[in-house]
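Look at the ligand site, then at the backbone.

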Amino acid sequence: MLIEPTTSIGGEIDLPGDKSISHRYAVLGAMACGTTSISGFSRSRDCESTLDCLRELGTDIQRSDNGIEIRSLGWERFQQPGKPLDAGNSGTTIRLLSALLAGSPFASTIQGDTSVNRRPMRRILTPLSRMGATILAQNEDYPPLRVTGTQLTGIEYPLPVASAQVKSCVLLAGLMAHGETTVVEPIPSRDHTERALPFFNARFTRVNQHLQVTGPASLEAATMQIPGDFSAAVFFIVAALLIPEARLCLRGLGINPSRTGLLTLLENSGAEFETTNLREFNAEPVCDLAIRFSPEVLRNFPPEISGEWLTSMIDEIPVLAVLGTRLDKGLKIRGGEELRKKESDRINSVVVNLRNLGVRVEEFPDGFEIPPNQQIQGGKVQTFGDHRIAMAFAVAGLVAQEPVELDEPSCVSISFPAFFETLNSIRG
Ligand code: S3P
């Protein structure tokens, strides 16, 4: 697919439902007894993987006009799957579903595609084993995971990595365990699970870095609404900041502060945007956001991102790198080893593709550095089957000197099936 440069974009963006939140409400809906209705549910392939796995456990899930309906007898009545569960490309699916399998009294297997099967799982195996489950993995770290579930026991678990998937895995297992399960979180990561738990009647408390659930929990069905996905919106936000005369409006955008680190930095750097109609969907803050071309940002954006800031924008780094090419102070990412463990090795995917497009960049084990004020020339991009690499470099194509060609554009459906239609709809 060829992405042609453009000199203006404008209009309103139809955002997909938040992928992270969709996974969580689907899992909690399946664990709860009764009929859960979720509107605005993501149509991403990742979330379809979660729904298919939950169906294998005996849950009835149907698409409705604007979302899904889940009918379940609750987690105590999950059935042994007749075949290995398939998490597809979704790290969130395999890490959250593993908790459900660990707490169910049967043997099961879960695996994913070649990308997921290369991603580290020891980070969930350690706490789930301490809670009582037996899980075998390839080289003690990689899928397929062969799980022998059992009645779990609550633990206190300090998180060794800043990971919302690991945190959520332990909290979900804690709902099925006897006693209290406490997760200690040194660096805050996205907190959608914590915000959702009370809506499903779970007992959840948070004191500073200590997050606690009590099990075994009697979860009740709920009616939930999914905000627009900030991590999908950000491709258009970055495009608007770089294209003269750009003006975009994003309605129903989720702005949970644990996700919007990049928006805060852009605002502090002088990005011209306006948030209106602030509201909440089941404890998730939502707004309408109007944004336009903001050359100030290129002068003021901070030259180095690391630590907590990085965690709050972990999925935004590929598109931030595209913005980074144009910044007056350049852009350095450090402390981002985790980026190498995503759908692709995102440090390498970013570096290879910036170079493919004629941009100078230096690679480090934990990040990269882009020298200031460069033009993106154009050329061929390897997506590595990674949806966020494909979308980030499609944005690069909008602002490049020459067209950008993506080798495998269909991977955008992992999170945002209508990405290219949306991109075409705003071209000037
Ligand atoms: C996610 C958490 C993050 C993020 C991923 C989605 C989630 O991963 O990168 O895209 O839904 O919990 P980690 O938990 O590995 O940091």
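Q: How do the residues of the shell around the ligand divide into nonpolar, polar and charged?
A: This is a predicted model. The shell includes Ala162, Gln165, Arg190 and Asp315. By class, its residues divide into 3 nonpolar, 4 polar and 5 charged.

Q: Which domains each give at least three residues to the shell around the ligand?
A: Ser20, Thr92 and Ile314 are among the residues around the ligand. The shell draws at least three residues from each of two domains: domain 1 (2-16 + 227-425) and domain 2 (19-225).

Q: Which elements give two or more residues to the shell around the ligand?
A: The ligand takes up the space of the largest pocket. Two or more shell residues come from each of α1 (19-31), α3 (91-102) and α5 (164-176).

Q: Where does Pro216 lie?
A: A cis peptide bond joins Gly215 to Pro216, with omega about -5°. Pro216 is in the loop between β13 (210-215) and β14 (223-225).

Q: In which strand is Pro144 placed?
A: Pro143 and Pro144 are joined by a cis peptide bond, with omega about 0°. The place of Pro144 is in strand β9 (residues 142-148).

Notes
Residues are numbered from 1 along each chain as its sequence is written. This is a predicted model: local features need pLDDT of at least 70, side-chain atom pairs count only at pLDDT 80 or more; totals for chains, interfaces and linings use all residues. Side-chain values use heavy atoms; hydrogens and water are left out. A residue is near a molecule or strand if one of its heavy atoms lies within 4 Å of it. On a 1 Å grid over the protein atoms alone, a cavity is a set of points where a 1.4 Å probe fits but cannot get out, and a pocket is an open set with protein on both sides within 12 Å along at least five of seven lines; lining residues have an atom within 4 Å of a point. A molecule sits in a cavity or pocket if more than half of its atoms lie within 2 Å of its grid points. Helices (H or I, at least four residues) and strands (E, at least two) are DSSP runs, numbered from the N terminus. Ala, Val, Leu, Ile, Met, Phe, Trp, Tyr, Cys and Pro count as nonpolar, Asp, Glu, Lys and Arg as charged, and the others, Gly among them, as polar. Domain bounds come from an automatic or database domain assignment.
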